[in-house]
Amino acid sequence: METSLSGIPFERLLKKALKNGGDFSEVYFEHKQGTSIVSEARRIERFVSTTESGLGLRVVVGDRSAYAYTNDFSALDELADTVAAAVKRGSFEQAISLERRPVREVVLSRIDPTGVDPDKKIEMVNRAQTKAWGYDPSVAQVKVMYGDGVRSVVVANSKGFIVEDRRDSIVFVVQGVVARDSLIETGYEPVGGARGFELLEEDPPELIAERALSRALQTLKARRAPAGTMPVVLSSEAGGTMVHEAIGHGLEADLAGEGLSVYSGQIGKKVASDVITVIDDGTIKGLRGSMGYDDEGNPATRTVLVENGILKAYLTDFITSMKFGLPLSGNGRRESYRNRPIPRMSNTMIQPGTLKPEEILAKVDKGLFVKKMGGGQVNTVNGDFVFNIAEGYLIENGKAGAPIRGATLIGNGPKVLGSITHVGNDLGFGIGTCGKDGQGVGVADAQPTLLIPEITVGGEIGSAPSEG
């Protein structure tokens, strides 16, 4: 008897997709529903409630695959014929019997957002925008974004297993723009995760708005950042932009295996300071990048990528694991049923050390304290990066002093990670949507307080780290 979910004949589709041969076939079913609200210019600009189901079918031959998808469930056999036609490599005569793997819960949800009245969601957005617009006369623009979703996926594979996974999520973002004379600054504050609607009771919209606008206003009033080479302390509150961009993407096996990463061929070699250990962990409950199983049906794992400065592993999916002879890490991820899976980060972090944050700050006489990172860019081939600083302060006599604006960090991932001398005992998480190959997936990144003894800071040439 065939395994069936909503009438989907998994075994038959898997076998039919392999009728002309192939190493394995895979069915990916997805059902999701959610709400998206955007407020701008003091009014609700968009309210969208969606429900969607779809199915993707893949045949893998070596390191190549044929992929097709549909949301028409009356055309599943035609879909299987389509992917089968792309393969001309014999036939597949074996019977397929699917073993159901146990459910692995990673969502922390007390209040299912799909059961919350839409008016309550709009109320949350309005509370945030009212607080933001009233925060200061310099506020020129406010944008509030709310999103929730319940995503149920089922993955079945001709290797003989079927899994179900549920990914509830919620995201709430406030972005505020302040202006004075010719100066304009932006504050941005996101919260979210694999959580329920109770997240906005624990962290009310007014507080989220206040954090965004206070950051923007402080930066507006701040002096220009000094330019040059200097010590930099990265706060745990800075979020994990550094670990995500400077090393995370470079450890995804498709890039590393093809020689498109500065970390290609470096397993077992020193790539960071002795005090740096980096992990990717998709199993942590409640985080934005968490999942019970990845989008190929493999269990999410805790993967040690770098241990005490030594590169230990890459992040893999089925194809890169087979192609490059690497362990399967459970990091095959896709945006939706419309996309084939590729190696992606989940929750990536630098592990904490032993020093208190204030002890690290006290080690710097003059330099820069980065409390919040902004966006950035990295060249995975050579590791060079440029990151914006959203909130920063001059360090004076071992303490955070005057705020600065307009600063960037310019460096090289391996060199910077290799130079870090001290790691704090704290850990702060940031959330985001990571883009790669046209797909966006939810991730979380984290780091403790870090001391970089020397890095280039882009700012105003001739500025000095002193009061004025």
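Reply: The second largest pocket holds about 190 Å³ of space. This is a predicted model, in which local features need pLDDT of at least 70 and side-chain atom pairs count only at pLDDT 80 or more, while totals for chains, interfaces and linings use all residues. Residues are numbered from 1 along each chain as its sequence is written, and side-chain values use heavy atoms, without hydrogens or water.

A pocket is an open set of points on a 1 Å grid over the protein atoms alone, with protein on both sides within 12 Å along at least five of seven lines; lining residues have an atom within 4 Å of a point. Here 14 residues form the lining, and Asp63, Asp317, Ile319, Thr320 and Ile342 lie nearest the centre. Helix H8 (318-324) and strand E16 (342-343) each supply at least two lining residues (helices, of at least four residues, and strands, of at least two, are DSSP runs numbered from the N terminus). H8 gives the most to this lining, with four residues. By class, the lining of the second largest pocket has seven charged, five nonpolar and two polar residues; Asp, Glu, Lys and Arg count as charged, and Gly is among the polar ones.

A cavity is a set of grid points where a 1.4 Å probe fits but cannot get out. One cavity of 30 Å³ or more turns up in a search of the whole structure, and the largest cavity holds about 30 Å³ of space (a volume is the space filled by probe spheres set on the points). Its lining consists of Glu245, Ala246, Ile247, Gly250, Val262, Tyr263, Val378, Thr380 and Gly383. Helix H6 (residues 241-248) gives the most to this lining, with three residues. By class, the lining of the largest cavity has five nonpolar, three polar and one charged residue.

Now the charged side chains. The structure holds 33 salt bridges, each a side-chain nitrogen of Lys or Arg within 4 Å of a carboxyl oxygen of Asp or Glu. In one of them, the side chains of Asp81 and Lys19 meet at 2.8 Å, N to O. Asp81 lies in helix H2 (residues 76-84) and Lys19 in the loop between helix H1 (10-17) and strand E3 (24-40), so the pair ties together parts 62 residues apart in sequence. Asp81 is partly exposed at 27% relative accessible area, and Lys19 is partly exposed at 39%; buried means under 20%, exposed over 50% and partly exposed in between, with a 1.4 Å probe and protein chains only. Asp81 and Lys19 also belong to a network of salt bridges with Arg12, Lys16 and Asp77.

Glu391 forms a salt bridge with Arg215, the closest N and O atoms being 3.0 Å apart. This pair links distant parts of the chain, Glu391 in strand E19 (residues 384-396) and Arg215 in helix H5 (residues 205-221), 176 residues apart. Both Glu391 and Arg215 are buried. A further salt bridge joins the side chains of Glu202 and Arg195 at 2.9 Å, N to O, and Arg195 is buried with a relative accessible area of 15%.

Last, the strand pair. Strands E8 (residues 161-180) and E9 (residues 183-193) run antiparallel and are joined by 11 bridges; two strands pair if DSSP finds at least two bridges between them. Val173 stands opposite Pro190 in E9. The hairpin of E8 and E9 has two residues between the strands, and Asp181 there takes a positive phi near 55 degrees.
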